[in-house]
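Dear colleague,

I am handing over the structure that follows, together with an account of what was found in it. Please read the account with the model open beside you.

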Amino acid sequence: MENIKNVVEALVFSSGVPLAKKEIIDKIPELTTRKLDNIVAELQKEYSGTSGILLLDFNGKLQFSSNPRYGEILAEILTPLRERQLSKTLLEVLATIAYQQPVTRTELEEMRGSPDGTTTSCEYAITGLLKAGLIQVVGRKDTVGRPFLYGTTDEFLKKFQLSDIADLPDYTEVMEKLKEIYAPAQETLFHTRSILGEGEEQGEAAADVAEEEIPEFLEGEEYEVYE
């Protein structure tokens, strides 16, 4: 097969979920583990540095991901598109971090994955929670790539009126309460906000989104949160 490197690149990109190296080798007879490792090394060199996309190699799997260095601007641009799905995703990620900390972004995505192996990106939720001061980087995991480990902050404890993270109630109880707070009829977590500055023209689209009640533990906050 010609252009095996391009085929591997296309396969990983098209899958949209972590793709096992073994599965790639099984599907392409011409490939060996060594050849695939060489191809991965070449692709990681191409997709590195300031590139908007990175090739991740973890736990015997490959996946393309947006470059974290552009996470903030991506969050700002995509906010209007994702705002309606914010509530449930944001709080699920926050709850998972609270109970599983310290935890990496990849681990979060695997925990929130579907039974069929499909994972859900947590990049925007993490960006928002960092902005909100509810989570923070608490270290790096001693593994390939040394990914960031996330944990909750003192601000998180204050919002939930806890003296210690050990005082968190049962996880199931928390998630049930969140489901009650964020009923299907509700569409966003915060009052309608624009990514434009204070007093700037917000456009007609923003006026079409109804305001809703802010959760008690987030009342009075002025920050924006993204998925």
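Before the findings, one term needs its cut-offs: a residue is called buried when its relative accessible area is under 20%, exposed when that area is over 50%, and partly exposed in between, with a 1.4 Å probe and protein chains only. Please bear in mind that this is a predicted model, in which local features need pLDDT of at least 70 and side-chain atom pairs count only at pLDDT 80 or more, while totals for chains, interfaces and linings use all residues. Residues are numbered from 1 along each chain as its sequence is written, and side-chain values use heavy atoms, with hydrogens and water left out.

To begin with the chain as a whole, 39% of its 227 residues count as buried. Its secondary structure comes to 10 helices and five strands, where helices (H or I, at least four residues) and strands (E, at least two) are DSSP runs numbered from the N terminus. The accessible surface is about 13500 Å², with 50% of it belonging to carbon and sulfur atoms; such areas come from the Shrake-Rupley method with a 1.4 Å probe, and for residues only the protein chains shown count as cover. If one takes the contacts (heavy atoms within 4.5 Å) between residues at least 6 apart in sequence, 55% of them join residues at least 24 apart.

Turning to the strands, three of them form an open sheet in the order S1-S3-S2, with antiparallel pairing; two strands are taken to pair if DSSP finds at least two bridges between them. Strand S1 (19-20) and S2 stand at the edges with a single partner strand each, so one side of each is left without a neighbour in the sheet. S2 and S3 run antiparallel and are joined by six bridges, and isoleucine 53 has serine 66 in S3 as its bridge partner.

The rings of Phe, Tyr and Trp (its six-membered ring) pair if their centres lie within 6.5 Å, and planes under 30 degrees apart count as stacked, over 60 as edge-to-face and the rest as tilted. Phenylalanine 13 and phenylalanine 64 are edge-to-face, at 6.4 Å centre to centre and 65° between the planes. Because phenylalanine 13 lies in helix H1 (residues 4-15) and phenylalanine 64 in strand S3 (residues 61-66), this pair ties together parts that are 51 residues apart in sequence. Phenylalanine 13 counts as exposed at 59% relative accessibility, whereas phenylalanine 64 is buried, with a relative accessible area of 16%. Tyrosine 47 and phenylalanine 64 have ring centres 5.0 Å apart and planes at 70°, so that pair is edge-to-face. It links tyrosine 47, in the loop between helix H3 (33-46) and strand S2 (53-58), to phenylalanine 64 in strand S3, 17 residues apart. Tyrosine 47 counts as partly exposed, at 21% relative accessibility, and the ring pairs link Phe13, Tyr47 and Phe64 into a cluster.

As for charged side chains, a search of the whole structure finds eight salt bridges, a salt bridge being a side-chain nitrogen of Lys or Arg within 4 Å of a carboxyl oxygen of Asp or Glu. One of them joins lysine 5 and glutamate 42, at 3.5 Å from N to O. Since lysine 5 lies in helix H1 and glutamate 42 in helix H3, the pair ties together parts that are 37 residues apart in sequence. Lysine 5 is partly exposed, with a relative accessible area of 23%, and glutamate 42 is partly exposed at 42%.

Helix H6 (residues 105-111) holds arginine 105 and glutamate 109, which are four residues apart and are thus separated by about one helical turn. Their side chains meet in a salt bridge of 2.8 Å, N to O, and both arginine 105 and glutamate 109 are buried. Glutamate 107 forms a salt bridge with lysine 141, with the closest N and O atoms 2.3 Å apart. Glutamate 107 lies in helix H6 and lysine 141 in the loop between strand S4 (135-140) and strand S5 (148-152), so this pair ties together parts that are 34 residues apart in sequence. Lysine 141 is partly exposed, with a relative accessible area of 32%. Elsewhere, salt bridges that share partners join Lys5, Glu42 and Glu46 into one network.

With kind regards
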